[in-house]
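My entries follow the structure.

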Amino acid sequence: MRAVAVTPGKADSLHLREVRRPQVSDVPGGRGVLVDVIRVGACGTDREIVEALFGTAPAGDDFLVIGHENLGRIAEVGENVPDWVRPGTLVVATVRRPGRSIYDQIGMPDMTTDQPFERGINRLHGFLTEAYVDDADFLVPLPDSLESVGVLLEPLSIAEKGIRQAFEIQRRLRVWPPTRAAVLGAGPIGLLTALALRLRGFEVVVYSRRVAPYRNSDLVEAIGARYMSSAASTLDDLAEAAGPLDLIVDASGASALALGAARVLGTNGVLVLASVTSGKETAELPTDAINEGFVLGNKVMVGTVNSHRDDFVAGVEDMSLAETRFPGWLDKLITTRVHGLEAHAEMLRHLVDDRDAIKVVVEVGG
């Protein structure tokens, strides 16, 4: 069967290749599930893998099948899978797989201290192919009503984890009734974070570079949030407009902005850093003011990466709720569809050059 892959460490090596079709028996213990891929989302991580900024091939291979944002339908199952796992079920697979750390052993591979195993990113092949096999434990079911938007579940799970981590941390306060939040960045994860916060009743301001109006700012306002441009307003303007901020989630990809936001975080607030910024940007920051504010204000800054299966499950619930409260909103995030694995060059072109694309997806199968 066909798959889209790179040669890790070699820039611009994206190519279509023939690979072995997986079998249910590839997973021991009768827990294998064969899934036919419907569509795969593409993001900045995929672009950076193509640029050879990171990405590791599985042991024994000199290529890596990319694609971690996935949606498929179960085609065949092993003899020892849970009752819900049956042919025809719509599923999304999680990304990380257990390694050897204590966190992996207790079912938290998203918090591993080892080099991670991540499908389509590090040491495991991804989903930009015709079919894959996985252990039933790493699959999350979706209702058929979410078929058109289910490919957004993996990026939504990143937002779900960041919010969950904030609430977990704030158990230290015994009572934490947050009402005001800011999201830095209006890309896919920023927009999905704003959605998840609005579904929880937060007043939300999304702060991003471009000046409104444009598609992303319109989507922000459609869910009852406010949009502000960093080109027209400062972080102080954001804090003044939003009031004391209980929660700030960074999805901007700009480290200076993310760390600068620490200064305007409210008392007892949480700043969640969800952007991977692998460049060499430096900036001058008011470190004394930030330090004093965090000490005297009991503030927290936390990084978050990848997500747990529980965050995928929470994402399914939020997607269903969003379809009721904001019908059609999720569909509007999928702005760009390319058809067939052979269109991988077109996929990459949209990731690199299409400023107006929000979510690029590859339509693999029906």
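I first sorted the lining of the largest cavity by class, and I noted 7 nonpolar, 3 polar and no charged residues; here Ala, Val, Leu, Ile, Met, Phe, Trp, Tyr, Cys and Pro count as nonpolar, Asp, Glu, Lys and Arg as charged, and the others, Gly among them, as polar. The model is predicted, with local features needing pLDDT of at least 70 and side-chain atom pairs pLDDT 80 or more, while totals for chains, interfaces and linings use all residues. Residues are numbered from 1 along each chain as its sequence is written, and side-chain values use heavy atoms, without hydrogens and water.

I looked up the volume of the largest cavity, which is about 40 Å³. A cavity is a set of points on a 1 Å grid over the protein atoms alone where a 1.4 Å probe fits but cannot get out, a pocket is an open set with protein on both sides within 12 Å along at least five of seven lines, and lining residues have an atom within 4 Å of a point. I found that α3 (153–169) and α4 (188–199) each give two or more residues to the cavity lining, and that α3 gives the most, with 4 residues. Helices are DSSP runs (H or I, at least four residues), as are strands (E, at least two), numbered from the N terminus.

I then turned to the second largest pocket, with a volume of about 530 Å³. Of its 22 lining residues, Pro22, Asp26, Arg119, His125 and Val133 are the closest to its centre. I noted that β10 gives the most to this lining, with 4 residues.

Technical notes. Grid points are joined across faces, edges and corners, and a volume is the space filled by probe spheres set on the points.
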